[in-house]
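Trainee: Hi, could we go through this one together? I'd like to start with how you count things.

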Amino acid sequence: MRIAALAGRLVLVGPDGTATDAATASDGRFGPDPMSAFADWDAFRAWAADVSDPGVTLDRAELGPPVPRPPQVFAIGVNYREHADEAGYPPNSLPVTFTKFPSSLTGPEATVTLPEGNVDWEVELVVAIGRGGHGIRREEAWQHVAGLTIGQDLSERVAQLEGTRPQFSLAKSHPGFSPTGPWLVTPDEFADPADLAISCALDGETLQDSRTSRMIYDIPELIFRLSAVVTLLPGDLIFTGTPSGIGNARTPKRFIHAGEVLTSEIEGIGSLTTRFA
Ligand code: ZN
């Protein structure tokens, strides 16, 4: 199953790119708010499995972030070995965790206004939580996942790295700094949801190219370790970290300029297009 937020309304996305409005098809039981899917995720999934409405052709320009108001957003730093090496961080016993404030979320066809400083790309697999919990066991972690989507953890490196402590959360939360989408894909749709090709390109030049199986803390381990501390809530997002190839680690360093287009792809999900002004 794939779900999206189309013109602010919860839709089911068909394999042929059509969209079925959840509120209309369920006579108001679910939707139109995209967050209503998470009020009772298991009931929503059970209902969605039986919907046969053919839907209408989907206009990508009207897609917003598939989870527009997550209660909590977790973001994981240095979760791929090669990126940990390029960023100069030794392995850590706990995943490096910060937040991207939810006001930074935007959709899969966004134009982001560059703030002052050096703005960098970080393509990431994003997990949406369907069933919340505290102390979730690794073996049961996938049952708590609603779906996977693509995210960009856009980062302004000057503010992030100046001073004596990194300012991850602030420097990664400018308006539009968290593009996500184009839709949420449930784990059963993937041959192996733990091993997906992940890449991004700026104006057509590939800058990051890896596989999600190279994470240091995989999705069950992240859910286990985060929920050992924080209660996970339905609709929470986890940005799971970026592979190597960021602009700040290049020689010479490279950052995003106005007019450039960033394309982010994950196997089995699709692509995000982010333009910069
Ligand atoms: Zn990141």
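Mentor: Happy to! Let's begin with a term: a salt bridge is a side-chain nitrogen of Lys or Arg within 4 Å of a carboxyl oxygen of Asp or Glu. This is a predicted model, so local features need pLDDT of at least 70, side-chain atom pairs count only at pLDDT 80 or more, and totals for chains, interfaces and linings use all residues. Residues are numbered from 1 along each chain as its sequence is written, and side-chain values use heavy atoms, with hydrogens and water left out.

Trainee: Great. Which domains does the chain have?

Mentor: The assignment gives domain 1 (2-64) and domain 2 (73-276); such bounds come from an automatic or database domain assignment. The contact between them takes 13 residues from domain 1 and 20 residues from domain 2, where contact means heavy atoms within 4.5 Å. Their C-alpha centres lie 25 Å apart.

Trainee: How many salt bridges are there between domain 1 and domain 2?

Mentor: The count is 4 salt bridges. As for a salt bridge you can look up in the model, Asp-42 pairs with Arg-131, and the closest N and O atoms are 3.0 Å apart.

Trainee: What area do domain 1 and domain 2 bury between them?

Mentor: About 1400 Å², with 54% of it on carbon and sulfur atoms. Buried area here is the accessible area (1.4 Å probe) that two parts lose on being put together, summed over both. In domain 1, Arg-2, Phe-38 and Arg-60 lose the most area to domain 2, together 47% of what that side buries.

Trainee: Switching topic: what coordinates the zinc ion?

Mentor: Glu-122 (OE), Glu-124 (OE) and Asp-153 (OD) do, at 1.9 to 2.1 Å. Donors are N, O and S atoms within 2.8 Å of the metal (3.2 Å for Na, K and Ca), and water is not among the atoms, so sites may look incomplete. Along the chain the donors follow the spacing E-x1-E-x28-D.

Trainee: Where do Glu-124 and Asp-153 lie?

Mentor: Glu-124 is in strand β11 (residues 123-129), while Asp-153 is in the loop between β12 (145-152) and β13 (155-156), so the pair ties together parts that are 29 residues apart in sequence. Helices (H or I, at least four residues) and strands (E, at least two) are DSSP runs, numbered from the N terminus.

Trainee: Is Glu-124 buried or exposed?

Mentor: Glu-124 is buried, with a relative accessible area of 0%, and Asp-153 is buried at 0% too. The cut-offs are under 20% relative accessible area for buried, over 50% for exposed, and partly exposed in between (1.4 Å probe, protein chains only).

Trainee: Now the backbone. Which peptide bonds are cis?

Mentor: One joins Gly-181 and Pro-182, with omega about 0°; Pro-182 is found in strand β14 (residues 178-185). Another runs from Thr-251 to Pro-252, with omega near -10°, and Pro-252 sits in the loop between β17 (237-239) and β18 (261-266).
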